[in-house]
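Try each task before you read its solution.

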Amino acid sequence: MNKSVQMLQERYEEAIKQYNFFDFNFWNDPLDIERFYPAPGKFEAIEQIRKVCTAGVLMTNGASKTVDPGIGNGRLVELLNPADNVFGALIVTPDPQFSGPAFEEYIDKMTKAGVVALRLYPKRFYHSLSDTVCGEFYEILESYNMPLIISHVETSWDGIESLCKRHPNMKIVVDGGDAKILYHNRDYMAMLKAYDNLFVDTHGLVVYDEIEDLCKIVGAEKLVFGSYAVYNEPAISITSIAFAHISEEEKKLIAHGNAFRLLDGAGKKK
Amino acid sequence: MIIDTHMHLGEIIGYCNYPFNIEKQIQVMDEVGILYGFSAHNIAIGADDFEYAEDEVAKAYEMSGGRIMAFHFFDPRETDRSLYFMEKHKKDPAYIGIKFHPSMSYTDAADERYRPSWEFAKENKLPIMSHTWDLSLTNFKQKYSHPTAFVKYLEEYPEVPFIMGHSGGRYNGVRAAVEVGKRFPQVYFDLAGDLVAAGLAKYLVDNVGDRRIFYASDYCMMDPRTTIGTVLGADIPMETKERIFWDNAAEVFGLSEK
């Protein structure tokens, strides 16, 4: 028996219980085909992630990105259970035919079902992030106290900085998605330090000692645990926090505390 | 104890990273329980500075008490210089194999200029480890390292153990690597990577067995405390995890615990 491997395994399993992870970046995607094993069913996927993310999940439906935002969002809300900390993030697109009171009515219905965040995909859905094009979303996000989640490869770091400046009351979480966010650490370290309303999801933060560095430079409160499951392996995101050389308090902040703070009151209109 | 078959010495430029430091590397290995680490020098891979790399390999081997060993780096664009250093150190216990990085060398893995290194590996009974990766829309050089590009030499040199670094990379690259591995029993797989598709370790075990997979971190770019999650979280038996962390590499590289 390899004792050090046994000890690592025990540390990993203990960390799951000890830090009570909330997955801010969980995807439900029964249609996903680029995977080694058939995608788990919609309920099975939630059961699987809740085994390691005991505090809850912020979930997006993959079909919102690959089929149609409206269809995916519809499938998402059927699965939400705010009483059990299963919350939702919608993907929205700026369609003039679906704006104004109709859109606000839609958001009102969705937030009552457990939606607490919006995601924008400006490259994938071919739109600008300007206030002219997306201003309605920014107003909704601020008035419903919801965070905006956006990937660094869906815009530019200049675009993210511009959003932070233009909307200081809007909380913005950068999600590395399936791209190497680690190559951009010069940008996100500086911007997280400069903007109180900017946060980063941890699943792509895999550079050596990066979690420690970020805690020292920008503070643990700017890091939000995310796994990018069902696409990626959640254990990697867990060990990067659980085995980091940071305080227990910082680990708990990253694992669930920051997510709870970001989502506190989210979805309730001011 | 753990064997990490995919580490690096030296700094990497491009993004903000830790200044390279051998003391720090030993400390990291101790912390995670890595007894042996096999490094390839970033300065050799990225800038062909073999002399600089040679000095640091010697220092790392000495300072670590033989725990940090190295791959000879072979650049097919610098065949003579690469072979000079390989020949010079062929009896040096600090060197444990040969490393290719076809993407960084801008030379397809099937290129004829690699042949001297395969001959060297055969003659000296050394494994070859290479960066492998899927085709990428954003990094065209990755096509040089596609798992299928190695088939030509795998057919010709069945006696040379060959390690697919990153197991082919991401999703489609891994599937391609596994197909190559099914044809060639001398092919091994390392788990180094930054964004790891769900179920990677189990998929490899289910498809190529539990004896051909190595734990690997890609330190000093990636954090070993992160990459161990690929194995710890996998739905595979504990004995298989132990094989991945130690036994498989120990058998191929002929190592035992101190």
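**Exercise 1. Is B:Arg113 buried, partly exposed or exposed, and which residue does its side chain meet in a salt bridge?**

Solution. Keep in mind that this is a predicted model.
- Step 1: Start with accessibility. B:Arg113 has a relative accessible area of 40%. Buried needs under 20% and exposed needs over 50%, so a residue in between is partly exposed. That puts B:Arg113 in the partly exposed class.
- Step 2: Look for the partner. The side chain of B:Arg113 meets that of B:Asp111 in a salt bridge, at 3.0 Å from N to O.

**Exercise 2. Find the salt bridges of B:Arg225 with A:Asp209 and B:Glu31, and say which parts of the structure they join.**

Solution. 
- Step 1: Take A:Asp209. Its side chain and that of B:Arg225 form a salt bridge of 2.9 Å, N to O. This pair crosses between chains: B:Arg225 sits in helix H9 (residues 224-227) of chain B, and A:Asp209 in the loop between strand S7 (198-201) and helix H9 (210-217) of chain A.
- Step 2: Ask about burial. Both B:Arg225 and A:Asp209 are buried, with B:Arg225 at a relative accessible area of 4%.
- Step 3: Now take B:Glu31. The closest N and O atoms of B:Arg225 and B:Glu31 are 3.5 Å apart. B:Glu31 is partly exposed, with a relative accessible area of 28%.
- Step 4: Zoom out. A network of salt bridges links B:Arg225 and B:Glu31 with A:Asp209, A:Glu212, B:Lys24 and B:Asp223. Over all chains, the structure holds 30 salt bridges.

**Exercise 3. Which residues touch the most other members of the largest nonpolar core?**

Solution. 
- Step 1: The core has 161 residues, and A:Phe24, A:Tyr138 and B:Trp118 touch the most other members.
- Step 2: Pick A:Tyr138 and list its contacts, leaving out residues up to four places away in sequence. Among them are A:Leu120, A:Leu148, A:Leu163, A:Arg166 and A:Met170.
- Step 3: Look for a separate core.

**Exercise 4. What is the volume of the second largest pocket, and which element gives the most to its lining?**

Solution. 
- Step 1: The volume is about 710 Å³.
- Step 2: The lining has 30 residues, and A:Gln48, A:Glu233, A:Pro234, B:Gly233 and B:Asp235 lie nearest the centre of this pocket.
- Step 3: Helices H1 (3-19), H2 (42-52) and H10 (234-242) of chain A each give two or more residues. H2(A) gives the most, with 6 residues.

Terms used: Residues numbered from 1 in each chain as written. Chains lettered and ligands numbered in written order. Predicted model: local features only at pLDDT ≥ 70, side-chain atom pairs only at ≥ 80, totals over all residues. Heavy atoms only, no water. Core = buried A, V, L, I, M, F, W, Y, C linked by side-chain atoms within 4.5 Å. Buried < 20%, exposed > 50% of the residue type's maximum accessible area, 1.4 Å probe, protein only. Contact = heavy atoms within 4.5 Å. Salt bridge = Lys/Arg side-chain N within 4 Å of Asp/Glu carboxyl O. Helix = DSSP H or I, 4+ residues; strand = E, 2+ residues; numbered from the N terminus. 1 Å grid on protein atoms, 1.4 Å probe; cavity = no way out; pocket = protein on both sides within 12 Å on 5 of 7 lines; lining within 4 Å. Points joined across faces, edges and corners; volume = space filled by probe spheres on them.
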